[in-house]
Amino acid sequence: MDLASKYFNQIHWRYVDHTNGLEPMQSFAFDDTFSESVGKDLSCNVVRTWIHQHTVILGIHDSRLPLLSEGIRYLTDEAGYNAIVRNSGGLGVVLDQGVLNISLIFKGQTETTIDEAFTVMYLLICKMFEDEDVNIDTHEIEHSYCPGKFDLSINGKKFAGISQRRVRGGIAVQIYLCVEGSGSDRALMMREFYYRALQGQTTKFHYPDIHPSCMASLETLLNREIKVHDVMFLLLYALKDLGADLNMDPITEDEWSRYEGYFEKMIDRNAKMNEKLSF
């Protein structure tokens with residue numbers, strides 16, 4: 001059985017649309033909540049879409065930048081972006097109304113390798129854009145922001161990055177897709193963030209040397225107008241084509257209760273970062 005069949009064909013998936021009204025910290029808390037639900041067999045697999053206004057999502061290593069306060073001051077005062085620290089792997093990424101985030105949440109522990117979980121998302125994205133005359137590559141784009149082995153690119157220009165998190169028997173694979181706007185402008189902002197937060201200091205961790213020209217949005221790469229809501233439809237069509245059985249079951253009382261706990265953890269994580277900032 002191929003991976004696409006294993007994870008989608010005749011498999012129940014619950015679709016949760018969170019593209020309006022949530023704060024970024026709530027999104028990460030919901031993914032942890034659904035991961036526990038799936039891991040404990042309290043829910044079928046979950047696919048969740050989410051969008052957030054002008055926010056830079058920082059990784060754990062970003063929170064240790066020597067002059068983090070200078071970098072965040074630039075983001076908030078000059079670029080007009082908020083900043084939070086997420087609970088999954090990777091470095092800083094940019095979210096705004098032109099960026100669609102998709103989470104795939106399914107059961108798995110040691111029997112599901114990290115690469116296999118990433119590949120499930122990659123296969124879904126390829127299915128979504130199979131009618132386009134493009135090849136989607138998966139390899140690290142070294143000079144992008146948040147570079148990683150499963151960066152997605154077209155003609156060497158990155159438009160998406162994938163991270164994953166494992167909670168209580170569930171795996172959440174999260175992708176951001178730069179759909180609208182300028183991917184290189186977003187990269188330029190992140191390059192300036194790291195410049196302000198490092199200012200030439202030597203660190204044990206290697207932060208990315210960002211070249212804005214190696215990142216682009218899908219509307220640039222496909223050379224046509226494409227909107228976030230168009231990509232959401234492509235997602236649902238792809239899931240159906242892959243044989244997924246979709247439902248829109250509501251969030252249960254038990255999930256709301258667990259969500260509150262995970263949201264508190266996100267608040268505490270970010271409070272610790274804010275304590276270190278000296279504005």
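Which residues is glycine 59 in contact with, leaving aside its neighbours within four places in sequence? I found Val85, Arg86, Gly90, Leu91 and Gly92; contact means heavy atoms within 4.5 Å.

Before going on, I noted that this is a predicted model, where local features need pLDDT of at least 70, side-chain atom pairs count only at pLDDT 80 or more, and totals for chains, interfaces and linings use all residues. Residues are numbered from 1 along each chain as its sequence is written, and side-chain values use heavy atoms, with hydrogens and water left out.

**Glycine 59.** I placed glycine 59 in the loop between strand S3 (55–58) and H3. Helices (H or I, at least four residues) and strands (E, at least two) are DSSP runs, numbered from the N terminus. Glycine 59 has a relative accessible area of 0%, so I list it as buried. The cut-offs are under 20% relative accessible area for buried, over 50% for exposed and partly exposed in between (1.4 Å probe, protein chains only). I also checked glycine 92: its C-alpha atom is 5.6 Å from that of glycine 59, though the two are 33 residues apart along the chain.

**Helix H3.** I checked the length of H3 next. Its 12 residues should span 16 Å at 1.5 Å a residue, and its end C-alpha atoms are 15 Å apart, which agrees. The expected span is 1.5 Å times one less than the number of residues. In H3, I list Leu68, Ser69, Gly71, Ile72, Tyr74 and Leu75 as buried. Glycine 80 follows H3 and has a positive phi, near 80°.

**H3 against H5.** The axes of H3 (residues 68–79) and H5 (residues 183–198) come within 6 Å and cross at roughly 140°. That makes H3 oblique to H5. Axes are lines fitted to C-alpha atoms, for helices over the stretch in contact, and angles run from 0 to 180 degrees between N-to-C directions. Angles under 35 degrees count as roughly parallel, over 145 as roughly antiparallel, 65 to 115 as roughly perpendicular and the rest as oblique. From H3, Ile72 and Leu75 are among the residues that meet H5. On the H5 side I noted Met189, Glu192, Phe193, Arg196 and Ala197.

**Threonine 33.** I found threonine 33 in helix H2 (residues 24–39). At 1% relative accessibility, threonine 33 counts as buried. Not counting residues up to four places away in sequence, threonine 33 touches Glu255, Arg258, Tyr259 and Tyr262.
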